[in-house]
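Below is a short briefing on a single protein chain.

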Amino acid sequence: MRHIKAQISCFHTPLSRIWTSFSSEELERCGFLGMLRQTEDFQKALGAVKGKIWLSAEELGLLHAFAGELGRSYVEEQISCCDYYIGQLEQAYLERRQEQPKRSKLYRSLFITGGLALVILLL
């Protein structure tokens, strides 16, 4: 999104050229960038890789909303749109990062409890 914002704000680059100028090993590997360059439709590319990327329903919803607004307004509005969705996704990332230690503890306890239950069953 930052690349999109920079290309729109600095150079007024059309979306099709933005897609070809961006590279990301992870997005290439999951097929998102290939589909995006082929269809030039952000929403279709998201739909094509839905099960291959690790995003929550909220994060996917934000990306779909972003895709719906991208390229449909004046430059200043698109820049504001980019800023808004960058902020929203950063907030979602921070929340996920804060929840990670709690989840790790939960998974460890479930694994240990499951192992102990298996030992008890085998005895």
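H12 is exposed, with 52% relative accessible area; exposed means over 50%, buried under 20%, and partly exposed in between, with a 1.4 Å probe and protein chains only. This is a predicted model, in which local features need pLDDT of at least 70 and side-chain atom pairs count only at pLDDT 80 or more, while totals for chains, interfaces and linings use all residues. Residues are numbered from 1 along each chain as its sequence is written, and side-chain values use heavy atoms, with hydrogens and water left out.

**Loop residues with positive phi**

- H12 sits in the loop between α1 and α2; helices are DSSP runs (H or I, at least four residues), numbered from the N terminus.
- The phi of H12 is positive, about 55°, although H12 is not a glycine.
- E40, in the loop between α4 and α5, is likewise not a glycine and has a positive phi of about 55°.
- E40 counts as partly exposed, at 48% relative accessibility.

**Nonpolar core**

- The largest nonpolar core has 23 residues, and those with the most contacts inside it are I4, W19, F32, L36, F42, L46 and F66.
- Such a core is a set of buried Ala, Val, Leu, Ile, Met, Phe, Trp, Tyr and Cys residues joined through side-chain atoms within 4.5 Å.
- Two or more residues of this core come from each of α1 (2-11), α2 (15-21), α4 (32-39), α5 (42-48), α6 and α7.
- Helix α6 gives the most to this core, with five residues.
- F66 is in contact (heavy atoms within 4.5 Å) with M1, I4, F42, C81, C82 and Y85, leaving aside neighbours within four places in sequence.

**Salt bridges**

- The structure holds six salt bridges, each a side-chain nitrogen of Lys or Arg within 4 Å of a carboxyl oxygen of Asp or Glu.
- One of them joins the side chains of R2 and E90, at 1.9 Å from N to O.
- R2 in helix α1 and E90 in helix α7 are 88 residues apart, and their pairing links distant parts of the chain.
- R2 is exposed at 55% relative accessibility, whereas E90 is partly exposed at 37%.
- E59 and R96 form another salt bridge, with their closest N and O atoms 2.5 Å apart.
- Because E59 lies in helix α6 and R96 in helix α7, this pair ties together parts that are 37 residues apart in sequence.
- E99 and R103 also meet through their side chains, at 3.3 Å from N to O; they are four residues apart in helix α7, so about one helical turn separates them.
- Both are partly exposed, E99 at 35% relative accessible area and R103 at 40%.

- E59 is located in helix α6 (residues 57-69) and is buried, with a relative accessible area of 7%.
- Not counting residues up to four places away in sequence, E59 touches W54, L89, A92, Y93 and R96.

**Along helix α7**

- I79 lies in helix α7 and is buried, with a relative accessible area of 14%.
- Beyond residues up to four places away in sequence, I79 touches K5, I8 and S9.
- Y107 belongs to helix α7 (residues 75-122) and is exposed, at 52% relative accessibility.
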